[in-house]
Amino acid sequence: MTMDVLDRKAPPRPSSSVITFIFPTAPASSQAIMSFFSNPGRDRHDAESEPFPPPRTQATGLPKESHATLLDITKLRPESSLTTWGNEVLHVLRPFKLDGLVDIDLARPRPGDSNYNRWKFWTLIVAGWLFNQVDASLQHRVRARSNAPTFADEVFSTIKLLSLSNQSQFLVNELKKWEEIKRATFATPADFIMAYQNQFNRLKTEHHEPAYDIALSRLLQELHGEVLKVPFIQEEVKDLGRPVDYQLFVYYCKVLVSESRKPTVSENDHANMGNHGDPRGRTRGRDISYHGWRQSAKGRGPAWD
């Protein structure tokens with residue numbers, strides 16, 4: 001019995017070929033692994049990076065050579081605004097996609113570029129048009145330069161450079177006009193407020209406006225004793241917890257116009273004000289505060305609603 005057990009052969013082990021088939025000994029190639037994660041529908045050429053677009057120049061996006069009528073604008077004179085004139089120039093050129101021609105920061109195309117002739121056609125037209133948008137005295141100064149400008153960006157930058165001294169004097173005059181606007185020179189408070197705000201906006205267009213808190217404070221001082229809600233607004237501005245910006249300045253101008261069309265401050269109203277001009281009965285009236293306007297109208301309706 002024992003011998004039979006010893007003589008019995010053990011069952012054959014699986015051959016190495018079977019084991020190799022179940023567990024491959026050779027590692028998969030990197031190409032095979034990458035193909036598993038890659039998109040099979042993607043072509044090899046799609047993976048290559050696209051070429052960078054050509055750099056933008058003054059010739060980019062120009063229309064074909066054709067006849068175009070550029071409207072005349074108000075001529076630039078020594079006493080006029082260089083900023084307004086420059087904005088009008090761009091307003092005329094943009095619909096034709098020609099505004100890039102006066103951008104000195106954009107490179108010009110090189111003579112060998114395919115669109116060089118198109119650029120030269122349009123830049124000479126715009127240069128001649130710009131020259132006719134300034135008065136005769138400035139035209140003479142442009143011509144008198146040793147290197148007379150030829151292309152549009154040269155003419156535009158030369159005109160601005162020669163007009164800087166006039167622009168500085170223009171800003172001084174505009175600021176003086178704003179400072180000289182007084183309540184006594186206008187028939188009604190509303191007329192004064194609107195003239196005051198309009199002149200302030202002109203200075204803002206020139207990026208030369210006074211500080212907003214100073215402008216509002218001066219406006220309130222001019223109307224103190226005439227518009228009932230002025231002391232209330234002065235107190236609120238102190239408690240806003242934020243600096244006065246342009247939005248606040250415009251808001252209070254609208255409020256003051258509305259309030260100025262109501263009856264003026266009477267002797268009884270003066271008697272109801274404290275030592276610092278604080279109206280004691282302000283809570284009985286309509287809420288015209290900035291916070292109240294933001295909460296009720298959410299800043300979308302008229303400032304005085």
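Rings of Phe, Tyr and Trp (for Trp, the six-membered ring) form a pair if their centres lie within 6.5 Å; planes under 30 degrees apart count as stacked, over 60 as edge-to-face and the rest as tilted. With that in hand, let us walk through the structure, where there are 12 aromatic pairs.

A word on what you are looking at. This is a predicted model, in which local features need pLDDT of at least 70 and side-chain atom pairs count only at pLDDT 80 or more, while totals for chains, interfaces and linings use all residues. Residues are numbered from 1 along each chain as its sequence is written, and side-chain values use heavy atoms, with hydrogens and water left out.

The protein has 15 helices and zero strands. Both are DSSP runs numbered from the N terminus, helices being H or I with at least four residues and strands E with at least two. Of its 305 residues, 33% count as buried; buried means under 20% relative accessible area, exposed over 50%, and partly exposed in between, using a 1.4 Å probe and protein chains only. Among contacts between residues at least 6 apart in sequence, 71% join residues at least 24 apart, a contact being heavy atoms within 4.5 Å.

Let us start with helix α10. Two packed helices are described by the angle between their axes and the distance between the axes. Here the axes are lines fitted to C-alpha atoms, for helices over the stretch in contact, and angles run from 0 to 180 degrees between N-to-C directions. Helix α10 (residues 189-205) packs with helix α13 (residues 246-260) at an angle of about 160 degrees, their axes 8 Å apart. That makes α10 roughly antiparallel to α13, on a scale where angles under 35 degrees count as roughly parallel, over 145 as roughly antiparallel, 65 to 115 as roughly perpendicular and the rest as oblique. The crossing of these two helices is left-handed; a crossing has this hand if the near helix is turned anticlockwise from the far one by less than a right angle, and is right-handed if clockwise. From α10, the contact includes Ile193, Tyr196 and Phe200, and from α13 it includes Tyr246, Phe249 and Val250. The contact residues divide into 12 nonpolar, three polar and one charged. In this count Ala, Val, Leu, Ile, Met, Phe, Trp, Tyr, Cys and Pro are nonpolar, Asp, Glu, Lys and Arg are charged, and the others, Gly among them, are polar.

Helix α10 also packs with α11, at an angle of about 165 degrees and with the axes 11 Å apart. These two helices are therefore roughly antiparallel to each other, and α10 passes α11 in a right-handed crossing. Phe192, Tyr196 and Phe200 are among the α10 residues in this contact, with Tyr212, Ala215 and Leu219 among those of α11. The residues here divide into nine nonpolar, no polar and three charged.

Now back to the rings. The centres of Phe200 and Tyr212 are 5.9 Å apart and their planes lie at 55 degrees, so this pair is tilted. Phe200 sits in helix α10 and Tyr212 in helix α11 (residues 212-223), 12 residues apart. Tyr212 also pairs with Tyr246, with ring centres 6.0 Å apart and planes at 55 degrees, so that pair is tilted. Because Tyr212 lies in α11 and Tyr246 in α13, the pair ties together parts that are 34 residues apart in sequence. Tyr212 counts as buried at 17% relative accessibility, whereas Tyr246 is partly exposed at 26%. Ring pairs link Trp178, Phe186, Phe192, Tyr196, Phe200, Tyr212, Tyr246 and Phe249 into a cluster.

Elsewhere, the axes of helix α5 (residues 82-93) and helix α8 (residues 152-162) come within 11 Å and cross at roughly 165 degrees. That makes α5 roughly antiparallel to α8, and the crossing is right-handed. Leu82, Trp85, Gly86 and Val89 of α5 meet Phe156, Ile159 and Lys160 of α8.

Ser163 lies in the loop between α8 and α9 (164-179) and is buried, with a relative accessible area of 5%. Leaving aside residues up to four places away in sequence, Ser163 touches Leu76, Leu82 and Leu138.

Finally, two loop residues deserve a glance at the backbone. Most residues other than glycine have a negative phi. Lys97, in the loop between α5 and α6 (116-131), has a positive phi of about 60 degrees and is exposed at 56% relative accessibility. His207, in the loop between α10 and α11, has a positive phi near 55 degrees and is exposed at 68%.
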